[in-house]
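Please work through each task before reading its solution.

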Amino acid sequence: MIKGKEFQNLTEVTVRFAGDSGDGMQLTGSQFSDTTAVWGNDLSTLPDYPAEIRAPSGTVYGVSGFQLHFGSMDVHTPGDRPDILVAMNPAAIRKNLPELKQGGIIIANTDAFDAKNLKLAKYDTNPLEDNSLLGFEVYPVPITSLTIKALENTKLSQKEISRCKNFFALGLMYWLYNRPLDQTIDWIKKKFKDKPEFIDANRNALIAGYNFGENTELFTIRYDVKPAQLPKGVYRSISGNEATALGCLAASVKSGLPLFLGSYPITPATEILQYLSNYKNFGVKTFQAEDEIAGITSAIGASFAGNLALTTTSGPGLALKSEALGLALMTELPLVVINVQRGGPSTGLPTKTEQADLLQAMYGRNGESPLAVIASSTPSDCFYMAFEAFRIAIKYMCPVILLTDGYLANGSEPWKIPHVNELPEIPVKFWTDKSTYQTYLRDEFLARPWAKPGTPGLEHRIGGLEKANITGAVSYDHDNHDLMVKLRDQKIKNIAKDIPDLVVDGDEEGELLVLGWGGTLGAITEAVIRLRKAGYKVSQAHLKYLNPMPANTEKVVRSFKKVLIPEINLGQLSKIIRSEFLIPVEQFNLVRGLPFKSMDIEEKIIDLLGGKI
Amino acid sequence: MADNNEIKEVKLTAKDFATDQDVRWCPGCGDYSILAQVQRSFPDLVNVKKEDIVWISGIGCSSRFPYYMDTYGFHTIHGRAPAIATGVKISNPGLSVWVATGDGDLLSIGGNHFIHACRKNIDLKVLLFNNRIYGLTKGQYSPTSEKGKKTKTSPYGSVDFPFNPVSLALGAEATFVARCTDRDTKHMQQMIKRAADHKGIAFIEIFQNCVIFNDGAFDALTDKATKDDMLLYMEQGKPLLFGKNKEKGIKIDGAVPSVININENGNSINDVLVHDEFDLSPVRSTILAHLTDSTEFPTPLGVFRQIFRPTVDGEIERQIEEVTMKKGVGDLEKLLFSGNTWEVN
């Protein structure tokens with residue numbers, strides 16, 4: 001190490017990479033995350049990219065960002081405000097500067113600050129030179145030209161060379177935060193195994209960036225973030241969508257049923273279909289359907305035929321699946337629907353996150369049509385909730401909607417991998433006895449028997465028309481309809497006896513409970529932890545089961561003078577809690593297409609407590 | 001070793017496929033004939049066990065069909081029968097999957113599912129009950145109603161141009177396409193058995209009379225006085241002849257069809273097109289499908305086309321086998337612990 005370059009210890013850092021959507025920022029960010037995870041930090045990530053695949057370069061709306069928050073302590077969120085911004089062009093500064101912490105670091109690719117890009121970013125003068133960045137620590141680095149220089153001996157075209165600049169930036173960041181390069185080099189080798197010239201170029205750019213940090217006089221300080229104290233075990237970094245896919249696969253293995261996924265590509269749910277398409281040697285059948293409706297209806301057919309049936313989608317797709325969901329609950333077939341929520345209504349904000357499909361999931365069908373609704377609260381939790389969705393669907397012979405969201409789907413965190421033998425079995429019982437079979441016979445949970453086509457003697461008909469209880473014959477009888485409507489409702493309510501109680505973190509009663517659901521867990525937890533440290537009395541509970549809710553939910557919410565429900569919608573859970581329990585609740589709603597910042601929730605809590613500790 | 005343990009297969013009869021449900025179609029409805037022909041044909045299906053048969057339907061008069069068949073059955077939602085049947089077949093390829101559907105169900109609300117099931121060649125048997133009217137909603141024009149038809153929603157005559165279901169199926173690359181009428185019971189049974197034997201999507205358009213809302217739509221094809229001149233029964237390898245004494249035939253010049261009398265103007269039977277269902281080119285089957293565009297031609301019945309192409313359900317199975325051979329049976333523990341993992345001690 002060159003003299004004068006000292007290490008400063010930090011407990012946590014929030015980094016944001018930003019550049020054109022063609023600059024490879026998502027790749028750079030995920031490489032930094034993987035290396036950081038293996039290094040031993042706890043972390044949470046937030047990719048934030050435009051809906052356009054390659055928006056016009058240099059524009060503000062074309063900026064693609066990747067934020068990660070890592071530390072030597074427990075990390076619950078991707079970080080409120082970045083400590084450091086890597087800006088590959090002026091638009092990246094224009095877009096991200098308002099979020100950057102006061103005194104934060106900016107590493108700017110000076111080569112991209114030409115007249116054209118400045119104009120596209122709506123700068124009259126170069127912000128690197130006009131003192132407008134006073135108060136920030138700015139490091140101007142000619143990243144493109146340094147990359148070109150480092151790769152001058154390769155046979156690649158100028159264009160190909162300049163596309164390696166993200167690896168230069170990554171190398172520099174590895175130097176600055178003292179991370180090893182080997183993991184990314186291994187990745188490069190694998191990725192470009194058929195193109196050796198790209199292996200050399202990307203690796204050399206990475207090393208050049210690292211060495212630049214080491215040799216330049218620009219940087220005098222490096223940062224060290226020690227590994228976090230995580231529970232013992234083997235870890236991997238996991239995104240919500242990958243965890244969801246693996247959870248579905250695990251349910252297939254543990255139920256012994258082949259998994260069938262009928263799905264139509266839709267952002268941000270598509271990856272689940274992509275992952276599951278790889279698992280053919282697990283017997284997984286993926287059917288890329290002609291539309292959303294065929295996605296769910298093919299899955300209903302698969303369920304009727306005795307398979308583990310799944311369909312995946314996002315908001316607009318769930319709307320299209322509504323009628324078919326009614327069919328699944330009327331015919332009482334097990335089916336899991338995963339809705340990766342995105343900004344709505346209509347096409348809305350396809351690549352951004354939101355929690356505004358709760359009411360659609362709960363009530364968005366004709367007739368009295370209750371079904372089970374559950375939600376994941378972190379990226380790795382998607383694994384367990386996908387598994388849980390199938391357990392409920394099979395045991396209660398009903399559709400289950402699992403709500404995740406764009407933030408959980410694309411965000412990642414370290415995951416302590418469970419062993420397969422630690423996962424519970426999912427018992428499956430197909431009916432075979434023809435002497436006792438009746439289509440709508442009820443077991444102790446009110447579930448009807450699952451009789452698989454191909455079983456001799458159990459030939460039967462089901463359908464969307466109302467059925468006589470027990471026999472399953474089409475029935476227009478008034479009293480029978482009343483009975484069936486109530487039975488279907490009771491069956492779903494019975495699930496409450498079969499799920500864990502709502503856990504209160506903090507005092508069991510008191511002034512204020514912050515009640516959340518879904519992907520806001522991290523932001524709420526961080527806010528509550530910080531405020532408790534500061535002496536505030538505040539408790540927290542998080543709902544993973546929305547329909548039915550845990551049996552003790554009413555008791556919990558009645559144990560506090562005030563209940564605050566932060567949601568990335570206009571108060572959908574608030575509405576449900578009010579109407580179910582007849583209690584007033586406080587709302588906190590920001591619908592910006594982004595996850596909450598914990599500081600926003602903190603402010604609201606302090607406000608509700610009247611600033612009282 | 002004695003063979004006396006051998007269990008003798010009892011041959012099923014049409015009655016074995018009837019349920020205890022009262023059939024609730026209108027008296028005189030063509031659907032009764034279709035139900036009867038299916039029940040009569042099914043005992044003859046080779047290598048198909050009763051418990052492996054599944055009937056899927058959507059919404060409409062035709063879609064009550066599964067309730068009357070003592071097989072597995074699913075009366076689903078409007079238009080979605082082909083998609084639900086696709087899920088049944090792909091997930092459980094051992095089943096024999098049949099779709100009962102109508103002109104509104106399959107060609108209007110379900111059009112998208114139908115063309116994709118054809119294109120993907122899912123191994124389904126699709127029976128289209130085409131009565132050219134919406135029956136269950138009591139008489140509105142359908143996608144197969146003729147232009148100008150007066151119905152409750154077209155009091156001044158329909159302004160829609162109708163689909164030709166056979167042409168649509170051929171255009172969507174269906175691998176088996178046939179047509180029959182509800183009145184010719186023997187011929188319908190033949191078509192049902194042919195469809196059952198086809199590996200891939202088998203589509204049969206059945207002209208079906210709706211006695212209440214479109215009675216007599218097919219009278220010209222069924223009246224004794226006219227039917228010989230109006231119907232063309234297509235048979236594999238045989239010249240396309242029709243008429244009371246089979247004196248008329250279909251000739252094709254280039255892509256232009258015409259009707260010739262084989263006993264006149266120096267014509268002979270050698271001028272008549274010989275039907276080839278297995279022709280790989282779709283051109284001649286498409287020309288035959290469009291004979292109904294003009295009243296000068298008879299309406300063809302029989303198999304327009306049968307070709308062989310891998311089914312998507314079969315291809316999915318094949319890929320699973322191949323990948324499993326290559327990679328070995330999936331090991332979840334290994335998969336979970338794959339990729340970049342690290343240990344915390």
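A residue is called buried when its relative accessible area is under 20%, exposed when that area is over 50%, and partly exposed in between. The structure shown is a predicted model.

**Exercise 1.** Determine whether Glu602(A) is buried or exposed, and describe its salt bridge with Arg530(A).

*Solution.* 
Step 1. Glu602(A) has a relative accessibility of 14%. The limit for buried is under 20%, so Glu602(A) counts as buried.
Step 2. Arg530(A), at 35%, counts as partly exposed.
Step 3. In the salt bridge between Arg530(A) and Glu602(A), the closest N and O atoms are 2.5 Å apart.
Step 4. Arg530(A) belongs to helix α18 and Glu602(A) to helix α21 of chain A, so the bridge ties together parts that lie 72 residues apart in sequence.

**Exercise 2.** State how Arg203(A) and Asp200(A) are placed relative to one another in helix α8 of chain A.

*Solution.* 
Step 1. These two residues form a salt bridge whose closest N and O atoms are 2.9 Å apart.
Step 2. Because Arg203(A) and Asp200(A) are three residues apart in helix α8 (residues 196-215), about one helical turn separates them.
Step 3. Arg203(A) is partly exposed at 24%, and Asp200(A) is partly exposed at 35%.

**Exercise 3.** Locate the partners of the salt bridge between Lys193(B) and Asp44(B).

*Solution.* 
Step 1. The side chains meet at 2.9 Å, N to O.
Step 2. Lys193(B) lies in helix α6 of chain B, whereas Asp44(B) lies in the loop between α1 and β1; the two are 149 residues apart.
Step 3. Lys193(B), at 26%, is partly exposed, and Asp44(B), at 33%, is partly exposed.

Conventions
Residues numbered from 1 in each chain as written. Chains lettered and ligands numbered in written order. Predicted model: local features only at pLDDT ≥ 70, side-chain atom pairs only at ≥ 80, totals over all residues. Heavy atoms only, no water. Salt bridge = Lys/Arg side-chain N within 4 Å of Asp/Glu carboxyl O. Helix = DSSP H or I, 4+ residues; strand = E, 2+ residues; numbered from the N terminus. Buried < 20%, exposed > 50% of the residue type's maximum accessible area, 1.4 Å probe, protein only.
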